[in-house]
Amino acid sequence: QDKGLDKKEVQNVLVEDARTGLDVETLKKAILNNLFYVQGKYPEIATRNDYYMALAYTVRDRLLQRWVASVKQYLEGKHRIVSYLSAEYLLGPHLGNNLVNLGIYKEAEQALHEMGLNLDWLIEKEIEPGLGNGGLGRLAACYMDSLATLEVPAIGYGIRYQFGIFEQDIRDGWQVEDTDNWLRRGNPWEIARREISYDIKLGGYVQHYMDRDGKFRTIWTPDLIVKGVAYDTPIVGYKVNTTNTLRLWKSEAPNSFDFQSFNSGDYSNAVNQKIICENISKVLYPNDETRSGKVLRLQQQYFFVSCSLQDMIGIHLRQGERIEDFQTTFAVQLNDTHPAVAIAEMMRLLVDEYDLEWVDAWRVTTRTFAYTNHTLLPEALEKWDMELFASVLPRHLEIIQEINRRFLDEVTVRVYGDQEKISSLSIIGEGPRRYIKMANLACAGSFAINGVAALHTELLKQTVLKDWYALSPEKFSNKTNGVTPRRWMVLSNPKLTELISSKIGENWIKHLDELKNLEKFADDPEFLQQWMDVKLEMKTQLAQRIVNRTNIKVDPESIFDIQVKRIHEYKRQHLNILHVITLYNRIKQNPEAEIVPRTFVFAGKAAPGYKQAKLIIKLINSVGEIVNKDPDVKGRLKVVFYPNYNVTNAQKIYPAADLSEQISTAGKEASGTGNMKLSLNGALTIGTLDGANVEIRECVGEENFFLFGLTAEEVENTKSDGYNPFHFYENNPNLKLALDQISNGYFSHLDDTIFKDLINSLLYDDQFMVLADYQSYVDCQDQVAEAFKDKVKWARMSILNVARMGKFSSDRSIREYCDEIWKVKSVPVTLNGTSSK
Ligand code: 8GP
């Protein structure tokens, strides 16, 4: 046909232009170009940050090209789009991850090298956006990566907090919080979309009237209007063109704002109003699995939900669709109950603003939303005092009451008037003060409800959501969590990635199941040696970081025994420290005792208001202070508290772990995802039958998993039989000794008051069964030590462990959500005629 035109060449010209080309030469030019035209610097005077920015913009240019192509393609066809609503996204640094996903990590490294620069040095310059507390926020980030990688059209909606999760410092063994000013050097990864903004009403009152046509109308007159402005971050999939949007809302004062006060000279009032508006997206609440019940928190939730829904409706209508068909354009996932007010807001928009009849609006709403629960802890279930709620969202209270009235009407017949069931299902709780139960609102307004691990989903059905399950069993399903192998292997553990790929190719990065092909190398002596070499190298690197950060010298040959996660009583960092004390006492009682050397690494933040958790941090550091310097120990035990646990630090810690501590009280950890990341990086797990541990053990084989402790059922039975922790204290001499030492000040310069609350809670209450599980844990740890003596056998277990972790990719989780809940398909994005790199 067109003989004169060499299509291939035309494509190459397009792809390889200076702004988008991926080869080393083009990258070099682009970096200098951005240094010059974006940073306004030349090499001789450029700072490290200037180079970081120049590289970041170079990468961003390449993302934008794919982003534009994705948006265009989504809008041209009719595709259902996933909308993930989450108050938290714990993204971690962008630069390295984007290089991995674009497939140009090596090229960028080479380009910088040829310019006399070092990529690691620039990567370390990035301040991570810590817009989440822990598990739930990190899961949202992994899911955004998988959605893009699976080429599924998706938007993540959330809040652009000006201050993310606080930075943790340790002073005199105590946690000290500092604000996280993550935007202080600018953020090259986001684009402010000033033109995309919505007005959000807050407070005020509601009036109803009948218009001339005899239709009931509602007017909500707020006492505050804030503006939400969109800030977009591109999320590129791994070696595909698909680049989805993470749209975070920043709150501002509306343009027209308080001109009157300003003109009349009331400058300070005008400024005050501006501050009030900006406060809404100012700071992330630093609570993990506890609710705060504060007005500002409700305002944050409503603010981002309303912006997001208005945005989605706009997208839907601009496609020429009818409002009644909203659910054909969007499937909206509620990441826990934080965005559950979306159900009431959707009803308000449809009924008050788009004039739909109530039943039609309810049909749209209940075909749009799906709800994921992330915790069974009662203190985490969100409840809003009704008066407080009314003061912020008066119209929404009316709507919720109407939803509840109609819902209970229907339910009463179905449960045949059973009052207990009716009050458990009611969205409104009665009592001295009435309150709104957000989980019930989420259940009533969603077509699907899921837990995040098999055990968790079962417990949901049996306990907190029991009556909901009886009412609508078809809504329930399990979606076991997963983690992205791109960030948590390829980026954070390049050595192990390379070793694995040298044996089984690179397919596993997108199809994690293929790791199973590693099994056949588990007895190959050369491979075993390489496996051990990589682990030792990672441990040596971490040892260096530890000494830099804490001044504690640790031995890379020792067992790296690692517990990194939020500090919480149910996660039982104090059980771990009781084991440390027990080993220490063995040495003190017999300095020649055989002890396999161990390095205990702890990291994690405690909610600033959570006293017991902060005390646990102090205890870890106090024990460390004594153990680390006692000459009898001869360096065989080291206790490290690595400060400021975040994504950046996690990436350095996971690859170095030998042993992964997953020791929560059975029935309390919904799933866990750190358990998956550590295991994928070759650590063996010591754990209870809790959360996803159950499934991990099933996959890796019980012979490769160190199991201990009560089961969830035993925990409940022990409690109902009248659990007496003091009995364990009295009858277990080693446990008694350890607890006595903590109380009488052995680890705290003879101060016998510091740890009193902690000890009392263990002796007389012990909700989390620390004392009941102590002996079983210590015995299990003895098996760990014994197993570690045979390094080759341990390495073999580690290989088998990794080979069998394929299930725990977030790609698998997202595929299940897509097929079973959202009913969405992938839409490959083409770029100049090609559909991937
Ligand atoms: C966490 C669960 O504790 C954890 O087991 C699970 O793996 C993770 O969610 C992801 O599903 N829950 C939370 O992070 C949580 O409830 N946080 C809210 C208070 C913010």
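Predicted model: local features only at pLDDT ≥ 70, side-chain atom pairs only at ≥ 80, totals over all residues.
How many residues surround the ligand, and which are the closest? The closest are E289, H374, N481, E669 and G672. Sorted by type, the shell holds five nonpolar, nine polar and four charged residues; here Asp, Glu, Lys and Arg count as charged, Ala, Val, Leu, Ile, Met, Phe, Trp, Tyr, Cys and Pro as nonpolar, and the others, Gly among them, as polar.

Now for some polar contacts, meaning pairs of N or O atoms within 3.5 Å. The side chain of H374 has an N or O atom 2.6 Å from an oxygen atom of the ligand. For E289, a polar side-chain atom sits 2.8 Å from a ligand oxygen, and for N481 the distance to an oxygen atom of the ligand is 2.8 Å. On its own the ligand exposes 470 Å², and the protein buries 97% of that (Shrake-Rupley method, 1.4 Å probe).

As for the domains, their bounds come from an automatic or database assignment. Domain 2 (78-93 + 128-178 + 186-479) and domain 3 (485-805 + 814-819) both give residues to the shell, so the ligand lies between them.

Numbering starts from 1 along each chain as its sequence is written. Local features need pLDDT of at least 70, side-chain atom pairs count only at pLDDT 80 or more, totals for chains, interfaces and linings use all residues, and side-chain values use heavy atoms, leaving out hydrogens and water.

Technical notes
Near = heavy atom within 4 Å. Polar contact = N/O pair within 3.5 Å; in protein donor to acceptor, adjacent residues only side chain to side chain.
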